[in-house]
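Subject: Structure handover and findings

Hi,

Here is the structure for your review. Please load it before you read the notes.

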Amino acid sequence: MKKTQTKRFPLPVILAIFFAACFLVLPLIFVIVQALSQGIGAYLANITEEYTQKAMLLTLKTTVVVVLVNTVFGLFAAWTVTKYSFPGRKALTTLIDLPLSVSPVISGLAFLLVFGRTSPLYGLLEGIGLKVVYAVPGIVLATLFVTFPYISREMIPVLSAQGRDEEEAAALMGAGWFTIFWRVTFPHIKWSLLYGVVLCTARAMGEFGAVSILSGHLRGKTNTLPLHIEILYNEFRYSEAFAVSSILVILALLVLVLRSLIEHRGRKGEA
Amino acid sequence: MTRSMKNNKGPGRRVIPGFGVSLGVTLTMVSLVVLIPLAALAINALQLSPGEFWAAVTRGRVLSSFAVSFFSAILAALINLAMGVLLAWVLVRCDFPGKRMLDGLIELPFALPTAIAGITLTSLTVPGGWIGRVFAPLGLKIAYTKVGIVVALVFVGIPFVVRSVQPVLEKLDGSFEESAFLMGADNWHTFRRVIWPEIRPAALTGFGMALARGLGEYGSVVFIAGNKPYATEIAPLMIMGQLQSYDYGGATAIALVMLAASFLILLLMNIVQARAARRTSG
């Protein structure tokens, strides 16, 4: 059956490939064509424009902070829920994964309720001169929430499959927890950690809904790249919108390439 | 050796040192990032009287946004279920040029920022766009209609079903399909009797994930939906609208209904997975 299916390309196979081409390939071609529609000179001018550059910088800063925090958290969380038994372990795992099933808009709303004008915290933070809502800290927090489980959930399956024997042996021989983590555990999870970091980066740089609620939409101040694209698009500056989009499209493709490389290396490493 | 054994009551339970620090850091961060915001949501919801809550979620415009959201998310997840299973099967069982590239591109909807997906799909499907101009003579409008919403949700949901079904199919021996085929079963029967029972839990998990994602999706939909009241407004957009008029209570009420729906999906998915696990272990 396999052979004949492969040779004749029956209708379902053609349908599947056509579907994938329409949804996955055509949009990429479209972005590039639109971005370059006014020529390469205009394209370069569009992506080096002042507000685009500022938005790019903000997205970069947010992404770096979020990925660093989530890496630290992911390592602690994955280690805690797989290397120790304690009551409430399953509940903790569910809680860590919760942001995955919360709409980004609802995440944004939640932070608005914690730090916004209606919250008792608002006056307190105002007193020390810290603005969270409609400012950069809010953008970072919202992005942090949305990407929170991304790194830990890549490592948890690997660590639970690996078991605790090696770590327990090391502990019984007198090794401290950091030595155990670094020398025994880390070599098992380095590929899944990297995988998680890549996924987290992709999501962090593109987050729109949650950030849109907490950003003040101030050009050059609290506008991330996706928000900047929205503004350009709504002002009918299509070629500029797609030029700026092309930066993120290229990064997205880079993420996909890295992803498949890591998966390949990871499989070889495990074998 | 004796030292670390003595510190733990249950022998071998917590031999590995560092439990306090690890649990402490994890719990602190989970509380700060996840628990406090969700608690704030709950507290704000409790401050609403049942009457206020009911009024906020049963306004005509809100009700129709729920209908649009649920209807299009379910439809999109069904399309994703069918196309996802098909794509996974094609990727596992067939060889064709460009297969590795296609395999890599499946996750594009995860990697591509939703706002870009939104503006791109919109520009492609407006009547003069590359795809829209094919359908316009047939009288089918995509952008700025409910069809557009479904298109955007299908796009963001593609990876879920494919990626949960693919590993199961890879493990499934192709010779079962072959023998079923040789014994005279046609394609449909082979699928129905041989493949589907094996991939069903994975496919349903992917379906649930696509559904949950579709219900909450915002970035890709707002551009293509056209956002006409009573027609193409989705529930997350209604939350945005309430926030713009500083009606935090109304926004919280709508958010609560949406959260309840996604937790219900999560619960059902866990039940499906637990049943599947019992079946394979028992």
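Predicted model: local features only at pLDDT ≥ 70, side-chain atom pairs only at ≥ 80, totals over all residues.

Residues are numbered from 1 along each chain as its sequence is written, chains are lettered from A and ligands numbered from 1 in the order in which they are written, and side-chain values use heavy atoms, with hydrogens and water left out.

**Overall picture**

Chain A has 14 helices and 0 strands. Helices here are DSSP runs of H or I with at least four residues, strands are runs of E with at least two, and both are numbered from the N terminus. The C-alpha atoms of chain A fill a box of roughly 75 × 65 × 30 Å along the principal axes. Of the 271 residues in chain A, 54% are buried. Buried means under 20% relative accessible area, exposed means over 50%, and partly exposed is in between (1.4 Å probe, protein chains only).

Take the contacts in chain A with a separation of 6 or more: residues 24 or more positions apart account for 74% of them. A contact means heavy atoms within 4.5 Å. The accessible surface of chain A is about 12200 Å², and carbon and sulfur atoms hold 68% of it. Areas come from the Shrake-Rupley method with a 1.4 Å probe; for residues, only the protein chains shown count as cover.

T185(A) sits in helix α11 (residues 177-206) of chain A. T185(A) counts as buried because its relative accessibility is 0%. Leaving out residues up to four places away in sequence, T185(A) touches W79(A), K83(A), L159(A), Q162(A), E167(A) and I180(A).

G206(A) is in helix α11 as well. G206(A) is buried, at 6% relative accessibility. With the sequence neighbours up to four places away left out, G206(A) touches P226(A), P113(B) and T114(B).

P226(A) is among the buried residues of α13(A). In helix α13 (residues 225-234) of chain A, 9 of the 10 residues are buried, so the helix is largely enclosed by the rest of the structure. After α13(A) comes F236(A), with a positive phi near 60°.

**Surface patches**

L251(A), L254(A), V257(A), L258(A) and L261(A) make a nonpolar surface patch of about 420 Å². Patch residues have over 30% relative accessible area and no salt bridge; like charges are joined within 9 Å, and nonpolar side chains (Val, Leu, Ile, Met, Phe, Trp, Tyr) within 5 Å. L258(A) lies in helix α14 (residues 238-270) of chain A. At 38% relative accessibility, L258(A) is partly exposed.

Chain B has a patch of positive charge on the surface, formed by R192(B), R193(B), R200(B), R275(B), R278(B) and R279(B). Helices α11 (187-216) and α14 (248-281) of chain B each give two or more residues to this positive patch. R192(B) is partly exposed, at 39%.

**Charges and salt bridges**

Chain A carries 23 positive and 15 negative charges, and their mean positions are 7 Å apart. Lys and Arg count as positive and Asp and Glu as negative; His and the chain ends are not counted. Each charge is placed at NZ of Lys, CZ of Arg, CG of Asp or CD of Glu.

Over all chains there are 14 salt bridges. The rule is a side-chain nitrogen of Lys or Arg within 4 Å of a carboxyl oxygen of Asp or Glu.

- E50(A) pairs with K54(A), with the closest N and O atoms 3.2 Å apart. Both lie in helix α4 (residues 50-83) of chain A, 4 residues apart, about one turn of the helix.
- D97(A) pairs with R153(A), at 3.6 Å between the closest N and O atoms. This pair links distant parts of the chain, 56 residues apart: D97(A) is in helix α5 and R153(A) in helix α9 (residues 152-162) of chain A.
- E263(A) and R259(A) meet in a salt bridge at 3.6 Å, N to O. R259(A) is buried, at 3%. Salt bridges with shared partners join R259(A), E263(A), D103(B), E107(B) and R163(B) into one network.

Best regards
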